[in-house]
Amino acid sequence: MVKNVIATIIGMYITMIPLILGGIANMIFTKTKLYKYNKYPIDNYIVLRDNQRLFGDNKTIIGFISMIILTTIIQILCGNIYRDINLDTYSDWYSNIQNTPINNIWIGSLIGTAYMLLELPNSFIKRRLKIPEGKTAEGIRGTIFLIYDQIDSLIGVFIVLKICSEISWLKVIGYILIGGVTHITINYVLHKLKVRKNI
């Protein structure tokens, strides 16, 4: 029983590695001059009736596109490595889809797109509540948003995984929980390394 649980968790991390590395790579990219000189907000500076931006400055077109490109590149690389060392059978992405470069392009593109799209509702809600960009609220509301910040994007990614594979909804929930814990752990490390301003 314990061995099965450990094997399942290992398989889940093998499945998530391209997403994890893609997210880290994109976060590093947002610190570059190329990003800073070309960032333009997705919401085109739209201000709604509450005098708050639609999404804010942190949700940019170049950041959206770079996440898709980086996750796609990393998915292709991981797919090749997995195939060479016989790890692709452990990845849920390949339960119904063959591990080929073309399929990995589709998988990486879907991962990046779903990840970025599911961040937008969170930003929209925060602007309506007048929570500053890159910040969270205080008290219970702050705790709720801290948790939601870690899983919002993952919900989209793992719903896509559910559609593309034969995993159960219970496993989708498992992915979101494990992914959320991993996300906040990585954010903490990146915060300590001064790559992120906040956790």
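Q: In this predicted model, is Thr-15 buried or exposed?
A: Thr-15 has a relative accessibility of 2%. The limit for a buried residue is under 20%. Thr-15, which is placed in helix H1, therefore counts as buried.

Q: Which residues does Thr-15 contact, leaving aside its neighbours within four places in sequence?
A: Thr-15 belongs to helix H1, and neighbours up to four places away in sequence are set aside here. The residues in contact with Thr-15 are then Tyr-90, Ser-91, Asp-92, Trp-93, Leu-161 and Tyr-175.

Q: How are H1 and H6 oriented to each other, oblique or roughly antiparallel?
A: Helix H1 covers residues 2-29 and helix H6 covers residues 139-164. Their axes come within 12 Å and cross at roughly 135°. Roughly antiparallel would need an angle over 145 degrees. The arrangement of H1 to H6 is therefore oblique.

Q: Which hand does the crossing of H1 and H6 have?
A: The axes of these two helices cross at roughly 135°. The hand of the crossing of H1 and H6 is right-handed.

Q: Which residues of H6 meet H1, and how do the residues of the contact divide by class?
A: From H1, the contact uses Thr-15, Met-16 and Leu-19. Facing them in H6 are Leu-154, Val-157, Phe-158 and Leu-161. By class, the residues of the contact of H1 with H6 are six nonpolar, one polar and no charged.

Q: What is the relation of H1 to H7, oblique or roughly parallel?
A: Helix H7 spans residues 169-192, and its axis comes within 10 Å of that of H1. The two axes cross at roughly 45°, whereas roughly parallel would need an angle under 35 degrees. The relation of H1 and H7 is therefore oblique.

Q: Which hand does the crossing of H1 and H7 have, and what classes of residue make the contact?
A: The crossing of H1 and H7 is right-handed. Residues of H1 in the contact include Thr-15, Met-16 and Ile-20, and those of H7 include Tyr-175, Ile-178 and Thr-182. By class, the contact of H1 with H7 has eleven nonpolar, seven polar and one charged residues.

Q: How many charged residues does the contact of H5 with H6 have?
A: H5 contributes Asn-122, Ile-125 and Lys-126 to the contact, and H6 contributes Phe-145, Tyr-148, Asp-149 and Asp-152. By class, the residues are three nonpolar and one polar, and the number of charged ones is three.

Q: Which residues does Ser-153 touch, not counting residues up to four places away in sequence?
A: Ser-153 lies in helix H6. Its relative accessible area is 1%, so Ser-153 is buried. The residues it touches are Ala-114, Tyr-115, Leu-118 and Glu-119.

Q: What separates the C-alpha atoms of Ser-153 and Leu-70?
A: Ser-153 and Leu-70 are 83 residues apart along the chain.

Q: Where is Asn-86, and what is its phi?
A: Asn-86 is in the loop between helix H3 (61-84) and helix H4 (101-117). At 58% relative accessibility, Asn-86 counts as exposed. Most residues other than glycine have a negative phi. The phi of Asn-86 is positive, near 60°.

Q: Is Lys-130 buried or exposed?
A: Lys-130 is found in the loop between H5 and H6, and its phi is a positive value near 60°. The relative accessible area of Lys-130 is 57%, so this residue is exposed.

Technical notes:
Residues numbered from 1 in each chain as written. Predicted model: local features only at pLDDT ≥ 70, side-chain atom pairs only at ≥ 80, totals over all residues. Heavy atoms only, no water. Axes fitted to C-alpha atoms, helices over the stretch in contact; angles between N-to-C directions. Helix = DSSP H or I, 4+ residues; strand = E, 2+ residues; numbered from the N terminus. Parallel < 35°, antiparallel > 145°, perpendicular 65-115°, else oblique. Left-handed = near helix turned anticlockwise from the far one by under 90°. Contact = heavy atoms within 4.5 Å. Nonpolar A, V, L, I, M, F, W, Y, C, P; charged D, E, K, R; others polar. Buried < 20%, exposed > 50% of the residue type's maximum accessible area, 1.4 Å probe, protein only.
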